[in-house]
Structures are given as C-alpha cells and as structure tokens.
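Here are some exercises to work through with the model open beside you. Try each task before reading its solution.

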Amino acid sequence: MATFKLHVNGKEKQVDVDPATPVLWVLRDHLELTGTKYGCGVAACGACTVHLDGVPVRSCQLPVAAIGIKKITTIEGLSDNNSHPVQAAWIEEQVPQCGYCQSGQIMAAVALLQKKTSPTDADIDAAMQGHICRCGTYPRIREAIKKASKKMSVKG
Amino acid sequence: MEPKDISRRKFIRATGLSATALTLGFYFSGESKASTIIKGEDAENYGVSLNSWIHIDTNGKVTIVCHRAEMGQGAYQAIPQMIAEELEVNLNEVNIIFGKGDTVKYGSQVTGGSSTVRGSYKNLLKLSASARDMLITAAAAKWSVSTAECFAEAGHVIHRSSGKKMHYGELVVDASKLEAPKNVQLKKVADYKLIRKPLPRQDTPLKTNGTAVFGIDKKIPGMLYAMVERNPRLRGKVKSYDDSAALKVPGVKKVFKVTMKVFSTDREGVAVVADSTWAAMQGRKALKVVWDDTGFEYVSTEEIYKKMKAELQSKDGLSAKKQGDPDPVLAQQKNKLDVIYETPYQAHACMEPLNCVAHHKGDSIEIWGPIQAPDWVQGDISQKMGIKKENVQVNMTFLGGGFGRKAFLDYTHEACLISKEAGAPVQVIWTREDDMTQGPFRPGVSYRAEGAVNNGEITAVKFRMCGQNIGHWMGSKKDVPNDSVLEGFQPHYFDNIKNISFSDIPFETPVPIMWWRSVYASTNGFAYESFMDELAVAAGKDPLAFRKQYLKNERCQKLLEKVEELSGWKARKPKQGYGVAITECFSSTVAQVVKVSKDATGKIKIDKVWAVIDCGWYVNADTVRAQVEGSIIMALGAATNHEIHFKDGLAVEKNFTTYRMPRINEIPPIEVHIMDNNEDAGGVGEPGLPPFTPALTNAIFDLTGKRIRKLPFDLAKV
C-alpha cells in the first residue's frame, strides 16, 4: 500500500492503495467516480477511457503509480451540467441505448475533436474504432461527433 | 442519480382495479395523517399512490414506476411516455423510478420476448386514464361542478368555463379515496400528444455524464467486493483449493467455496472476498484450485456440428407443424434442393459484465443489480435461500446490456450465497473472461432444408432443426418439439405453401444455453429465409417478387412494397448485389434489403441496409428506429465477426481480443422505416435482428453466385 496524490477533474485527491492498482479501480472503488466503466480489463473495448493531460488512455491498463503529476479527467469532469458540446450533441442525436460504453465513447470523441476540429469519416473511424458498443449506436455516434464539431467551430 | 425505491411506503387500503394487480393506496406518515411531502429526490417515498405505477405528492410532483428492466431498449422511456399520455402530465417534469421485484404489484416484470410495450400497454393506458379521471372527479367535487365541465392538462385539472385550475397535488389525496372507474375513455391514436412521437429519452442525460447507476456502480455502506474462480468446465466441481497465498494479499478478507445453481445443475467455484475489486482480483489470481470434472463430457465445436449434421441426415425428429405432406412430393422430385445451414454458439457479451450486490441480513435479503427479471429473482432467491418472499427485496439498476443473459438466475443466487458466508454486503463482479466463458450461450443450431419447385411454384418444403433446446434447461418435456421451431418464420407463408413441414430433432450437450436477442428466430431466420431465396432462384423468380407471391396478406404486401420502394430494388444496377428477407417474431414483422458490392480490392462491401418494421401500435418512433439499427449491428457481428468455440469442454474465446465485435468503421448506413397502422402492438427490441443475416447472404449470392450456409463467415474472404 502507498499513498498517492492525484489530480482528478480539477481537484486534488489522496488515496492509499496498492501501487499496481489500475486507475480504473482507483476511480471506481476509492474515489466513487463510477462513470468510468470496466468492460474488458485488457484495453480492448474502450469503456474505461479517461484523459491523462488531455490524451485518451485506457484506465484499466494504467497503474496508479504511473500517473505522477498528470491530470486525470473523467466523464464526470467534462462539465457540471451536460453542457460540453460533445455531451450536448450526444443528447441531441439520442446516442445511448444501454449507455454503458458511452462514457468511454464520449471521452474519445472529446479527445478527437480537441485534436481535429473538423474530423473526416476516416478520422472518426481511426479515433473511435477501439470502442465497442454492443447496442450498436455507432451510426449515431458518428452523427453526434459531426454535430459536436459544428457546435465547437461555431463557438471557437 | 438513482431511482429511489418506494418500498417503505405503507398502504392502508388496497383494492383491485382489474385482474391485474393494482393497488389503490393511500399513504399515511407515522402521525397517521395524510402526508405533506414530498420531494422525490430526498424523501423516502413519492406521495400518494393512485395505483402501483402512479404516485403524486402534494406539490404536484408525479412519480412514475418503470416496472421493467432498462437495458438499452427504452422501457424507462416507453412506460412513462404511455402513462404520461393518458395521465395528462408533462413527461419532462416527472420522476421515474424502477419498481422492485413484485408480481403482486406489477404482474410479470420479466423483460424478455420484446414484451414490455405489447404486453402492458392496454393496461397502462387504462390505469393512467383511470387515475386522470379520479383527479378530475376530485376537482369537480371541490368546485361542485360536473366532471363533464372539467378536463386535465399538464398536471392540472381545469374547469372549462370559469378557467379555474388546480394542480394534481391539490387533488391527489381526495382522488385516492375514490373508487377507480372501471370504464374509461382512451384517446384515439390521432389525438396522441406523446405516444408515437420520437421524444428524447429521459435516461439519455444520465448516460452522457456518468450519473446513470448500473449494477456495477452500486455501492452500499460496509460493502465488500468478491471475485469467484469458477470451474472453467461449465458444470464442474471443486476438488480442493489452497488459499494460503490469496489470504496474504492485502485487503483479502475471506476465501470459501461457493456452489451456484444453474437450473438443475451446480457450478462450483472459490470466492475471494476483499475490501476492493482489485484486491479481490489479486487474491483470486493467488488461489490454487484443483477441479473435479468427473462425469463431464469434453465437448468440442467440431464434434457438436458433426453430430448435428448426422442427426439431420438420419432422423425426422418431432413434428412441430405439418401442412399437406411434403414427403411424397419430395420423394418424386429429381431436382429437389437438400441443404444444411449451420449457425454458431454466441456469447451475449453485454458491455456491463455480470455483477450483483447482495446483502444477506439473516432473515431478509436485499439485492441490487442489472437484472432482467426482478420478479423471477425474488422467487428464486426466496426458494434457494429459504427466506420468505416478502423479505427478499430485488432492486433493478440500469443494465449495461441484457440480451437475455441477465434473465438468468445464477449470478444473483451466487451473490446471495457469498454475502451470507461473508457476513456482510458484497458486490460480486464477473470479469469479462468469466462473463464470456461461463455461458449460458445462444445455442448453435443446424438445419436441413429440402424443397422443390415446379413451373415457378413451390411444391414442397421440409425443414428440420437440430440444436439444444433452452426449454430443457428450464425443465420442459423432452418428448415434445422445441416450441420455437417456427419462431421467425412469417406465418402467412402457410396461406400459400401447400406442402410444408417443420420438425425438431432433440439434441443435448452439456453447454449451458439461454435466450439471446430474438432467441431461435436469430438462427431460424437465417435458415428459412436463405432457403426461400434458394427456392426463388430455383423457380427462376425475382426473390422479392417471390416473397410477395407467397405472402399475400395485406400487411406483408405493404411491408414488402415499402422495402422494395425504399431500396430501389427494381432499379438495381449491374455489379450490385441485392438481398431481401422477411421474418416475424414477437408479433412484429420486419423486412430488410441489403445492398452489397465489391470494393477496389475485390472484397465484399455492405453499401446499405434498408429495414421496414411493422410493429403495429408503438410508443416512441425514435426508440423503434434505434432498436432496429442496433439489432442489425448485433446481427452483423453474429454473422460475420464472432463465434464461441468449445475445445475440451472449455469456451475458447475469452475476451474481445478473440471474440471480435463489429467496430464503427464496419457499419454500413442503415435506413429504418416504421409502418404506421392501427394494429395491435408488436415487439420492438428483437424483431429487427433475424432478417439481416439472410438478407446479407442473399445479397452476396446475388452478386457472386456464392451461397453462404454456415455462420459466421468472413466478409473479406467471400
């Protein structure tokens, strides 16, 4: 067991855990941030995606000891009221069905749009194909990313 | 946000409104006076009950109970949308909560068979209209006017001529004292304000900010975490185990053997209980278990399919349906078709792996989890744990997918056993590998299809199915055919095919099996609609025209005409493959056309899918479209991406690395059309799945001349 200071969603948190514990389980079991989901445990589904200094990472594969001073952003940290343009687009396009994979999908989409404000279909394929949705919301995810892109370019 | 329970409310009076269980209740707080309440979010109850589904507090806040599971299919939207329509309230102003397992209050809560809307809409509309009329009656009495002078709108009763107005909260106490009217006037379809509209789902905002509580997210005070190392051979036992290393893992509290019931069989494992999920995982890894596989049959996929084929070639099986007699016709026919179709075992692979929180408190149990059938779970736990049914509380959370898997009763029972032994509330989490390898699976089914045509007409068709029967797991008789032999087959084919028969050749393996979205229609549909295509080709007929020739029923004709028109079927160009299929299940019929072509490298590419659904009366157009889109994509995965293989009695595929799921870059454009009519409601969550695969393989035949009869197949290698 060891103590770690983490920057999560703009706040400093302290946890006392096994250094090998993946960030996924630190978030879920110790910080009660359960929006980040366990799906496969082998970085094959994308449900556990969070941002580390703005870069999307699979939190199921990331030991807490490897974080250092990097800043973690989870789905809960995107906005206070579903107002992030990606969240707004997800609601307008009525993307989620069961919703379990959507935190990871949204975090990946946010990271994509931070890098490319007007992604092509090929960009969307490349950024999103690590994310499984068993309900089959993929067509709506694509539309929502395009809609969010428009919202963000109008804003920016 | 989490829907709060309503269990602690006390009812002092209960009368039945109809044969279905309605409680007309009246809430009193401890002081024995009508409650003054009640903010849904922070109160332990939701005001005065007008029936099991509708509760209104004195401020006018309306709480509606969703008594079925929300696993993505939209019950959490559809049920309130129906109730709000007849109750006359604004949907975006109501609380929605999940109902606990309770057949007395809600009737069946088993969320399967695409039954939520079709099974309950008449009753829900009626009881909502009834509650509305009680509120109107209460208002009319207060104003000393006749009810005919009053109407309800947006949570208020209004006196037409004077414009006087009262909100439901001011009326609910009086209303609840009234007898529920037996005859109520329901709205006409044309007058609906909410129903049939593509309204945004009430659960969507919870699912875009991480606040929707799934089973795996549930935390209760003092809760421990458990993982179980189960015998990987599906029904095997534990011979011995060494927990010395596991107990040294920091955070591990207890290790013990656990035996979970899987219908008539037992499945054994060793549970590791710890203070975090990670500690439980590490403890589990440190276990040393010796398994006892005595009596186990070491099944392999190869053997299973070999045996099924041999059965199909040597046996007639149990007759499920026979019209005319195809046998003598087939015996005379020289050029008859005689082919085998094979479909694979599948995992449900819900994105949320199985999990359950159980709190065994001695003479009562409370559980929370992603549960498709809370009423079944209540009965099952009561029986297996020896606790009175009324002391077993089963709470549904949101489900991260269900598809039939979460209607199985193994994981909930196991969690109760573990909580009891641990002496604490425990959350049991299955890893992806546990979830994928332990089953139960969709049974792989093989079919033999024989048929003949003469002068462009079908003269005889004979279908035999051979595969495991889910009913046998649940204790059904083995000398009767599988009751799902005809599932998926559009019944109006019988109007025009003179000699046709279906039979089932019973087939057993030790592989546990369970419903998987659209159940046997998911495999039957492939065999039956592929074979219709083969017959059309043999008859020299256009496959879509051939279906119209045999499905003369008006609704089928309209459906086929619509998909023909949308897809531009008649204007097909060279180097385009078009395939069509039509199936019926859960009282809805869906026709699909798939268009394929070859890309620059010569690989098959799906250009587009058109789907037309006739589900009769429906609630939410956008949910219907979403369900058909999702069903098509699930079918695409099962047809072209993945299969569970067995080797030495073990499931080979363990995670998404080998059980390859369709990804965003593999999804073709999908266009869904809903037929508008005034027919009775059909299912929505499943019927979109079965026609996709045969429409796809029929399109591939159209393009390439290659007939695909074994699933899954690799699109890149056709």
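**Exercise 1. Work out why helix 4 (residues 168–176) of chain B is largely enclosed by the rest of the structure.**

Step 1. Start with burial: a residue is buried if 20 or more other C-beta atoms lie within 10 Å of its own, exposed if 12 or fewer, and partly exposed in between, with C-beta atoms placed from the backbone. Helices (H or I, at least four residues) and strands (E, at least two) are DSSP runs, numbered from the N terminus.

Step 2. Count: 7 of the 9 residues of this helix are buried, so it is largely enclosed. The buried ones are Y168(B), G169(B), E170(B), L171(B), V172(B), A175(B) and S176(B).

Step 3. Look for the cover, using contacts (C-beta atoms, placed from the backbone, within 7 Å). It includes helix 3 (116–143) of chain B, together with strand 1 (48–49), strand 2 (54–56), strand 3 (62–66), strand 6 (156–159) and strand 7 (165–167) of that chain.

A note on the model: it is predicted, so local features need pLDDT of at least 70 and side-chain atom pairs count only at pLDDT 80 or more, while totals for chains, interfaces and linings use all residues. Residues are numbered from 1 along each chain as its sequence is written, and chains are lettered from A and ligands numbered from 1 in the order in which they are written.

**Exercise 2. Trace the open sheet of 7 strands in chain B and find its edges.**

Step 1. Two strands pair if DSSP finds at least two bridges between them. The order is 10-11-8-18-15-16-17, with mixed pairing.

Step 2. Strand 10 (252–262) and strand 17 (392–396) of chain B each have a single partner strand, so one side of each is left without a neighbour in the sheet.

**Exercise 3. Describe the overall build of chain B and its domains.**

Step 1. Chain B holds 17 helices and 27 strands. Its radius of gyration (over C-alpha atoms) is 27 Å, close to the 27 Å that the globule rule (2.2 Å times the number of residues to the power 0.38) gives for 718 residues, so chain B is as compact as a globular protein of that length.

Step 2. Buried residues make up 57% of the 718.

Step 3. An automatic or database domain assignment gives domain 1 (48–207), domain 2 (215–295 + 354–429) and domain 3 (315–345 + 442–717). The C-alpha centres of domains 2 and 3 of chain B lie 37 Å apart, and 11 residues of domain 2 are in contact with 11 residues of domain 3.

**Exercise 4. Which elements of chain B touch chain A, and what pairing is found in chain A?**

Step 1. The contact takes 47 residues from chain B and 46 residues from chain A. Helix 6 (277–285) and helix 16 (621–640) of chain B are the elements giving two or more residues to the chain B side. Helix 16 of chain B provides the largest share, 7 residues.

Step 2. In chain A, strand 1 (residues 2–8) and strand 2 (residues 11–17) run antiparallel, joined by 7 bridges. H7(A) stands opposite E12(A).

Step 3. This hairpin has 2 residues between the strands, and N9(A) takes a positive phi near 50°.

Technical notes:
Two residues are in contact if their C-beta atoms, placed from the backbone, lie within 7 Å.
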